[in-house]
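Hello,

Here is the structure I promised to pass on to you.

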Amino acid sequence: MRRISLLGASGSIGTQTIDVINTHQEEFALVGLSVGRNIGYLREVLANHQPKIVSVQNKEDAQTLAMEYPKTHFTYGSEGLIEVATEETADVLVNAVIGSVGLEPTLQAIEAGKVIALANKETLVTAGHLVMNAAREKGVPVLPIDSEHSAIYQCLNGENPKDVERLVITASGGSFRDLNRSQLANVTVEDALNHPNWSMGSKITIDSATMMNKGLEVIEAHWLFDLPYQKIDCLLHKESIIHSMVEFHDGSVMAQLGTPDMRVPIQYALTYPKRLSLPQTKRLRLEEYQTLHFKQMDFERYHALQLAYEAGKIGGTMTTVLNAANEVAVAQFLNKQISFLQIEEVIEKAMNRHNVINEPTLEQIQEVDVETRRYVDSLN
Ligand SMILES: NC(=O)C1=CN([C@@H]2O[C@H](COP(=O)(O)OP(=O)(O)OC[C@H]3O[C@@H](n4cnc5c(N)ncnc54)[C@H](OP(=O)(O)O)[C@@H]3O)[C@@H](O)[C@H]2O)C=CC1
Ligand SMILES: CC(=O)[C@@H](O)[C@H](O)COP(=O)(O)O
Ligand SMILES: [Mn+2]
């Protein structure tokens, strides 16, 4: 029995994690969870699970719920996320919150010796060295949930990491993949939220449309697989059937395939190194596709990806700036305060003015994060 704490239970990854847990009730127990403001969904979960601890965003919600569910401890805010992440009866933390708010709970969970199943890629983008060093020191595995990284993890299973020539991360191209740059000037939020292959939360769907999602994933791969940026490539593949590939020195290429369904990588992270059945996923029948498409990445068309590679290669706090500026700019775009193309403009401005700190501490990262958010807010 694996006992799971789940941050971000009401989101796209969170609800699919609960689906996986419900599918294998003999294997998994949900001992802790957090939601933000979606108390309605939390009540649905509490009808079927008896977690020891629950965190919500607001104190008032925590107080109301505590009266209704006396067997569960309710907490709230950023401290609440840490309490759930370090719940003593949990073996595994599934981190499925959005944004760098996921960093401290991840670090504290590592300190408490929990296995980390990580969807929250912003954690590695903003402070990959802190997370991976802490995990190494504690001997705690960091298992990827992100589909591309799960694919690479599966391809590397049993291989010697020294034999890797390069990683090939596939990219769907996002909502605007058939538009050229000049056609991006007037695109709407509603259009941007219409991802061709995946149903995901709004922030990552916008990241996918700007190609920043691939940029975040390149940095995530750099930390997870300890490879230099020169060995991490991106390839446009519009069907999202090949979830990523690993090329080895002998020319062999390993790929992981499947229909686009996040429950597969979520479950793999929860059962690793075993596999369990997942009857509800649509099976891949390649004859239904006949043709899969591939195209070289175009860095002029997808400038945000270029910025992410630059930030990654510069390193230190530059990726913290990239991430924080992106989080604020995407929120502004979703609130219709800036245009789609301004997202990358804002990120570039924030990067250009930043004096990098190498090997930053957690405090320095938090300061740079706050300062970058303040700067990006001031632009608007
Ligand atoms: N969705 C996907 O298919 C994939 C997602 N990922 C990554 O997984 C992470 C989650 O993405 P996704 O599930 O799409 O996101 P969603 O927006 O769907 O869900 C986010 C979750 O985090 C909660 N939340 C949001 N802000 C806060 C906050 N400040 N404090 C506490 N909780 C908060 C939300 O609560 P509430 O809604 O209750 O307010 C919700 O439970 C991201 O890092 C994303 O990049 C990676 C690969 C695929
Ligand atoms: C499902 C998943 O892992 C997302 O990160 C997905 O990769 C988004 O698709 P693209 O970024 O390739 O459009
Ligand atoms: Mn992904």
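**The core and the ligand shells**

The largest nonpolar core holds 105 residues, and Ile116, Ala117, Ala308, Ala325 and Ala329 have the most contacts inside it. (Such a core is a set of buried Ala, Val, Leu, Ile, Met, Phe, Trp, Tyr and Cys residues joined through C-beta atoms within 7 Å; buried means 20 or more other C-beta atoms within 10 Å of a residue's own, with C-beta atoms placed from the backbone.) Helix H13 (residues 318-334) supplies the largest share of this core, nine residues; helices are DSSP runs of H or I, at least four residues, numbered from the N terminus. At least three core residues come from each of domain 1 (2-144) and domain 2 (149-259 + 281-314), with bounds from an automatic or database domain assignment.

This is a predicted model: local features need pLDDT of at least 70, side-chain atom pairs count only at pLDDT 80 or more, and totals for chains, interfaces and linings use all residues. Residues are numbered from 1 along each chain as its sequence is written, while chains are lettered from A and ligands numbered from 1 in the order in which they are written.

Ligand 1 is surrounded by 29 residues, the closest being Gly11, Gly36, Asn38, Met200 and Gly201 (C-beta, placed from the backbone, within 6 Å). Two or more residues each come from helix H1 (12-23) and helix H9 (202-210), and H1 gives the most, three.

Around ligand 2, the residues include Asp146, Trp198 and Lys214. Helix H7 (147-156), H9 and helix H10 (212-225) each give two or more residues to that shell.

Best wishes

How values were computed
Buried ≥ 20, exposed ≤ 12 C-beta atoms within 10 Å, placed from the backbone.
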